Amino acid sequence: MKVIEGFRKSLVLTGFFALSIGPGSAQAADAPFYQGKTINVIAVDQPGGTGDLRTRVVTQFLQKHLPGNPNIVMQYIPNDILAANTLANVVKRDGLTLGRVNSSVYANAIFGAEGSRYKLADFSYFGGAEAGGPYLLIIRPGLGIDSVEKLKAYKGLRFANRNVGHTMYILDRMMAFTLDLKEPKWILGYNSQEIRLAMERGEADAQSNSIPSFMRGTQHWLKEGFSIPLIMKNIKGRGADVAPGFPQDRPSLDQFTDTEFKKAVLRFHNSIRPSGTVFVAPKGIPEPAFKALREAFNKVWSDPQFATEFNRITKEEPDPVTGEEVERVLEQAPKDPKVMEAYKQIIGAGPLPSSR
């Protein structure tokens, strides 16, 4: 009997112990992956610039939709290739570091741009708030270039830009290639604010920019003699219609693809730019982190409050692209060797390829 009684007491104690630790263990197992954690977002932005505003609205709503409500902090690396290299090769694959990179990340990886040490397969994709653009080419006052015809006749146009491989650098080069500009030059090393100053001081003649960014930051240039001879539609076919206050009569770049080869290069350019910006994580993060991020980002892109706040802060309408859409477009990108070789030259530092 004593043995039996002792056994009963043992069962009671064991049951009490299980009850005392069971709920806590279950709660720990069921806790959201990001609960009590901090996410670091590496952004290819300048603090306070257009990209930074866009990124901050997204991260605000990511925090809202991500279970566990983690803290989110920003880290700025305003160089596309350096940021992508860091995300692919340096940061831990623990789900606590994300990146917000520009569309040039795609081309730089596909063509092995100078300095790039990453591949598109190194990342998981979560989409972006905008499809990108549409874009414009703006010319400083004093040159008298107010039409595409005058633009094509001008020799030695100086473009101000950030670095080889930057999204706007590639857009500059696409425009110069398509229009057969005469001996265009690129002055590199500027940040976004310095480009504006270079244009105002006459240190540079031309720059590419998105139409929404131009309307928000330098719309007054329209009254100060700056000219806009050309726009470039985005991958969804949108042009000046995105900004009602912008001149609606400007021709678009696709109207000047006067050879089948130019048309093919422009199609390729659009096919490997499935989004204007994209949020990524290093491939191989924990599955619970990936699943939580994919679901949370998709909720952000479909949240009506996000659309309202994005418009309020950036003065732009969001045009989201999901991570699944990004992956699908990249899988379907054409691979014509001649077109790819021409595009490789366009995004590089050397002379532009022949357009014929």
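**Salt bridges and the domain contact**

Colleague: Which residue forms a salt bridge with Asp 258, and how far apart are the closest N and O atoms?

Modeller: In this predicted model, Asp 258 forms a salt bridge with Arg 356, and the closest N and O atoms of the two are 3.6 Å apart. The pair links distant parts of the chain, since Asp 258 sits in the loop between β10 (227-232) and α9 (260-271) while Arg 356 belongs to the segment after α13 (337-347), 98 residues apart.

Colleague: Are those two buried or exposed?

Modeller: Asp 258 is partly exposed, with a relative accessible area of 47%, whereas Arg 356 counts as exposed at 54%, because the cut-off for exposed is over 50%.

Colleague: And what network are they linked in?

Modeller: Asp 258 and Arg 356 are linked with Asp 180 and Lys 262 in a network of salt bridges.

Colleague: How many salt bridges does a search of the whole structure find?

Modeller: The search finds 21 salt bridges, and one of them joins Asp 303 to Lys 64, with the closest N and O atoms 2.9 Å apart. Asp 303 lies in the loop between α10 (287-302) and α11 (304-314) and Lys 64 in helix α2, so this pair ties together parts that are 239 residues apart in sequence. Asp 303 is buried, at 9% relative accessible area, while Lys 64 counts as partly exposed at 44%.

Colleague: Switching to domains, what does the assignment give?

Modeller: The domain assignment gives domain 1 as 35-131 + 274-319 and domain 2 as 135-272 + 336-347, and their centres, taken over C-alpha atoms, are separated by 26 Å. The contact takes 22 residues from domain 1 and 23 residues from domain 2.

Colleague: What area is buried there, and which three residues of domain 1 supply more than any other three?

Modeller: About 1800 Å² is buried between the two domains, with carbon and sulfur atoms giving 56% of that area. Phe 111, Ala 131 and Asp 319 supply 30% of what domain 1 buries against domain 2, more than any other three residues.

Colleague: What about polar links across the interface?

Modeller: Two salt bridges are found across the interface of domain 1 and domain 2, together with eight residue pairs in polar contact. On the side of domain 1 that touches domain 2, the elements giving two or more residues are α2 (50-65), α3 (80-89) and α4 (104-110), and α4 gives the most, with five residues.

Colleague: Last one: where is Ser 210, and what does its side chain join?

Modeller: Ser 210 is found in strand β9 (residues 206-210), and a polar contact of 2.7 Å joins its side chain to that of Ser 213. Ser 210 is buried, with a relative accessible area of 4%.

Notes: Residues numbered from 1 in each chain as written. Predicted model: local features only at pLDDT ≥ 70, side-chain atom pairs only at ≥ 80, totals over all residues. Heavy atoms only, no water. Domains from an automatic or database assignment. Contact = heavy atoms within 4.5 Å. Buried area = accessible area lost by both parts, 1.4 Å probe. Salt bridge = Lys/Arg side-chain N within 4 Å of Asp/Glu carboxyl O. Polar contact = N/O pair within 3.5 Å; in protein donor to acceptor, adjacent residues only side chain to side chain. Helix = DSSP H or I, 4+ residues; strand = E, 2+ residues; numbered from the N terminus. Buried < 20%, exposed > 50% of the residue type's maximum accessible area, 1.4 Å probe, protein only.
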